[in-house]
Amino acid sequence: MYIKRLISETYESLRLSLIGIVANATALSIIFQDKVDNTLLVSWYITVVMISLMRFISLQLFQTRNHYFTSEKWSDIFTLGVILSALSWGVTPFVFFIPGDYLYQMVFIIILAGLSAGAITALAQFLFNVHIFLIALIVPLLLQLLLQHTTVHLYLALLVFLYLVLLLYVSKKFNKNYTDTARSYFLFEQKRDELLKSEQKYESIFKNVPIGIFFYDTKLIIQEVNQEFIHFLEAPREFLIGLDMNLIKDQRIVPTLKAPFDDIQGFYEGEYRTLYATKDIWISMTTSPIKNADNEVIGAIGIVSDITQRILIQQHVEHQANYDSLTDIPNRISLLKDINKEIIRFKRHGQLFGVIFLDLDRFKNINDSLGHGIGDKLLIETAKRLSNAIRKEDTVARIGGDEFVVLVPDLGTQERPAATKMEHIAHKIHETLNTVFEIDGYSLNISSSIGISLVNDDTEDADDLLKHADIAMYQSKKEGRNTTRFYQNEMDIWVKRRLDIENELRLAIQRDELEVHYQPIVEFSTSGVVGAEALLRWKNGKLGEVFPDEFIPIAEESGLILGIGEWVLSNAVEQFVAWQKQFPHITSFKKIAVNVSTYQFNNKTFLAQVENVIRQSGIKANNLELELTESIIVTDIESVRNKMLKLRELGVNLSIDDFGTGYSSLSYLKMLPFTTLKIDKSFTQDVQDNTDDRELISTIVTIAQNFNLEVVIEGVETYEQYIFTNEKKPQYMQGYYCSRPVSKEQFTVMLDSSNGVCDKLI
Ligand code: C2E
Ligand code: MG
Ligand code: MG
């Protein structure tokens with residue numbers, strides 16, 4: 001490249017040299033026209049002009065048809081021109097050196113000297129060219145001078161020789177300077193071009209890459225953005241340049257924007273709400289610091305791409321992998337994952353969960369007789385109904401043809417209540433599927449068989465649990481469809497009994513199966529029977545005697561407690577009023593205690609019910625005591641308090657039953673207007689052996705007395721318990737030691753015979 005450039009410069013200076021040469025030749029010819037043979041002169045002149053012309057033509061060709069030859073060739077052509085030209089001048093000492101005429105000799109020598117001096121610059125590009133020209137020009141002159149054989153010419157020859165040496169030396173220097181300068185200029189130009197090109201390249205990359213790029217300063221002000229950045233933010237350039245990113249609404253990316261100022265790269269991948277277009281997109285952004293020469297961070301570059309499409313596709317693929325394509329509810333894969341998560345939770349925290357395996361009865365018939373189209377629509381509708389029937393924390397999945405599974409988490413830590421909840425959900429599912437399906441003009445009646453499996457310590461994995469539920473489902477299918485079976489036998493028995501109790505209890509009042517028994521409440525100091533607690537008893541034809549601890553919770557869950565509670569309240573109060581009439585002399589007997597469940601208490605009509613009973617029976621309101629449990633506190637404390645205050649206004653007494661078994665703190669207790677506190681029988685049970693229990697009883701008694709509450713100790717069965725519990729002087733006791741709960745007839749006999757005194761204590 002560099003040589004090429006030198007060659008072209010050589011050619012460039014050729015035009016001027018040729019003019020010089022022709023001018024010199026012309027001048028020489030004119031000056032010497034009378035001194036030299038004309039033919040010779042003209043021949044020489046024509047030769048010089050012809051050579052110059054040829055060189056001129058070569059110059060023209062070089063400039064117009066450069067591609068004809070390679071650079072080396074052009075250089076050779078040029079050198080040939082130089083040689084020819086030098087030769088044409090090399091002959092002049094033998095043509096124009098006029099012997100004896102010193103003046104002409106001088107003129108001639110001066111012209112040659114001028115010509116050779118000019119050659120130094122004109123041919124400076126290539127040392128060979130200068131040297132060949134100088135030697136060809138001056139050596140013949142030297143010869144000619146030496147041939148003159150005079151002393152002057154000898155000196156002159158010496159001078160010319162020195163001049164030649166000088167010229168050779170100077171031309172060498174000059175050539176070196178020239179080529180050095182040319183080379184560095186060339187290198188400079190080359191570098192400049194490269195730089196320009198790379199700058200253009202980067203600029204074009206910055207502008208055209210399909211990735212958003214933006215520069216910002218340390219104050220988070222945007223300095224420059226590229227086209228793609230503008231494009232995907234859908235904001236005009238004028239809006240973006242100068243934008244203060246501290247003020248953007250979606251602050252999620254700000255830490256990433258600031259990361260470069262701590263000299264680290266920032267990275268963010270996630271959702272982003274664009275400021276100008278206010279649309280939600282997904283972005284992937286990297287930020288890196290920009291530093292100055294002193295290595296100080298002066299800003300940052302952000303590279304950001306819109307990955308919304310990728311995420312959408314990803315989500316779509318994930319959805320397809322985890323959801324059933326027909327019903328758009330989770331599929332088996334997703335269900336197994338969820339179940340396995342629940343198994344981990346159970347193993348860690350004992351949190352129970354279960355699965356309900358459901359298979360539509362006779363679905364195959366519908367599919368075969370009405371076609372798959374109807375079958376598909378039925379499945380879609382089933383999925384919808386199931387999704388509506390469950391709680392939001394439950395998951396319903398389709399795991400095969402007409403098989404659905406509901407995963408029910410958060411069932412607490414107790415197996416029986418957990419099983420009850422599962423049974424409820426299964427019941428709801430039966431109900432929702434039993435409603436007629438209207439599909440394409442067909443009214444379809446569908447039922448389902450359900451199998452339930454609860455997690456337990458032996459559960460290994462999701463497949464295990466599903467297999468059990470499947471077995472249970474199969475069992476219920478065998479038993480006649482539209483039924484539910486538990487995999488665990490004991491759960492099955494329990495749930496069946498629970499259902500039996502509920503069903504039988506529904507009819508208990510009508511069938512006159514309920515009875516109220518009474519247990520005396522006795523005063524420690526006097527041994528007098530001060531009242532009785534009404535305790536419900538139930539004897540059923542099918543189930544035999546069922547105890548309140550079992551049937552009361554079921555009555556509460558099913559809502560049956562409302563009717564039953566009302567029945568107990570009026571019965572007990574009427575009986576009490578009858579006893580008061582029958583035994584007016586037993587003046588200590590002035591209290592009937594009735595248990596009220598929280599569900600019953602919270603019912604809107606409860607207050608009116610109590611007022612009613614008081615009015616109708618004629619009982620003195622302060623002879624009635626309602627026993628509430630601590631569970632009452634769980635509900636809205638303010639409204640509970642208001643209702644209690646209203647009861648107190650009526651004159652009714654309120655006791656807190658089974659105290660110490662719940663979670664209530666004494667401070668809560670203080671907020672509620674109780675009159676009596678009943679210490680739970682569990683404290684009494686081993687009071688003679690357990691000093692802690694004794695301590696507890698004495699503390700509760702002290703506190704209760706401070707709160708002005710009367711205290712009843714429950715569950716006093718033995719003499720020892722009687723002695724120990726009496727230590728702290730609570731007012732009252734209740735327990736088998738005095739009497740078990742007995743029928744109203746037995747209680748009447750007891751009152752009559754003992755005259756209202758517990759004879760055990762005398
Ligand atoms: P509770 O209100 O704490 O009633 C006292 C329970 O302790 C009664 O059980 C009673 O028989 C038993 N008991 C009394 N003395 C002793 C004793 O010395 N030793 C032992 N081990 N037990 C004794 P019961 O009758 O089985 O009633 C159980 C629970 O059922 C009652 O506990 C009460 O919470 C509930 N309940 C009973 N009847 C009704 C009712 O009509 N309505 C409501 N809502 N709940 C009732
Ligand atoms: Mg009670
Ligand atoms: Mg109690």
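Predicted model: local features only at pLDDT ≥ 70, side-chain atom pairs only at ≥ 80, totals over all residues.
Residues are numbered from 1 along each chain as its sequence is written, chains are lettered from A and ligands numbered from 1 in the order in which they are written, and side-chain values use heavy atoms, with hydrogens and water left out.

Student: Which residues coordinate the magnesium ion (ligand 2), and at what distances?

Tutor: Donors are N, O and S atoms within 2.8 Å of the metal (3.2 Å for Na, K and Ca); water is not among the atoms, so sites may look incomplete. In sequence, the donor residues of this ion follow the spacing E-x61-N-x31-E-x29-D. They are E533 (OE), N595 (OD1), E627 (OE) and D657 (OD), at 1.9 to 2.2 Å.

Student: How many residues apart in sequence are the parts tied together by E627 and D657?

Tutor: Both E627 and D657 coordinate the magnesium ion (ligand 2). E627 lies in strand β17 (residues 624–628) and D657 in strand β18 (residues 653–659), so the pair ties together parts that are 30 residues apart in sequence. Strands (E, at least two residues) and helices (H or I, at least four) are DSSP runs, numbered from the N terminus.
As to the value asked for, the separation is 30 residues.

Student: Are E627 and D657 buried or exposed?

Tutor: Buried means under 20% relative accessible area, exposed over 50%, and partly exposed in between, with a 1.4 Å probe and protein chains only. By this criterion, both E627 and D657 are buried.

Student: Which residue bridges the magnesium ion (ligand 2) and the magnesium ion (ligand 3)?

Tutor: The protein donors of the magnesium ion (ligand 3) are D657 (OD), D658 (OD), E714 (OE) and E714 (OE), lying 2.0 to 2.4 Å from it. The two magnesium ions are 4.0 Å apart. The residue that bridges them is D657.

Student: What is the relative accessible area of E714?

Tutor: D658 lies in strand β18 and E714 in the loop between β20 (710–713) and α26 (719–726), so the pair ties together parts that are 56 residues apart in sequence. D658 is partly exposed, with a relative accessible area of 25%. E714, in contrast, is buried, and its relative accessible area is 9%.

Student: How are α5 and α6 oriented to each other?

Tutor: Axes are lines fitted to C-alpha atoms, for helices over the stretch in contact, and angles run from 0 to 180 degrees between N-to-C directions. Angles under 35 degrees count as roughly parallel, over 145 as roughly antiparallel, 65 to 115 as roughly perpendicular and the rest as oblique. The axes of α5 (residues 102–122) and α6 (residues 127–147) come within 9 Å and cross at roughly 165 degrees. The two helices are therefore roughly antiparallel.

Student: How many nonpolar residues are in the contact of α5 with α6?

Tutor: Contact means heavy atoms within 4.5 Å. Ala, Val, Leu, Ile, Met, Phe, Trp, Tyr, Cys and Pro count as nonpolar, Asp, Glu, Lys and Arg as charged, and the others, Gly among them, as polar. F108, I109, L112, L115, S116, A119 and I120 in α5 meet V130, F133, L134, L137, I138, L141 and L145 in α6. This contact has no charged residues and one polar residue, while the nonpolar residues number 13.

Student: How many charged residues are in the contact of α15 with α17?

Tutor: Helix α15 (residues 415–434) and helix α17 (residues 489–506) pack at an angle of about 65 degrees, with their axes 10 Å apart, and are therefore roughly perpendicular to each other. E415, R416, A419, T420, E423 and H424 in α15 meet M491, W494, V495, R498 and L499 in α17. By class, the contact has five nonpolar and two polar residues, and the charged residues number four.

Student: How are α19 and α27 oriented to each other?

Tutor: The axes of α19 (residues 561–582) and α27 (residues 744–754) come within 12 Å and cross at roughly 25 degrees. Q575, W579 and Q582 in α19 meet K744, F747, T748 and L751 in α27. From the crossing angle, the helices are therefore roughly parallel.

Student: Which residues does T274 touch, not counting residues up to four places away in sequence?

Tutor: T274 is found in the loop between β3 (266–273) and β4 (280–291). T274 is buried, with a relative accessible area of 1%. The residues it touches are L233, K279 and I281.

Student: How far apart in space are A25 and R506?

Tutor: A25 has its place in helix α1 (residues 2–31) and counts as buried at 0% relative accessibility. A25 and R506 are 481 residues apart in sequence, and their C-alpha to C-alpha distance in space is 143 Å.
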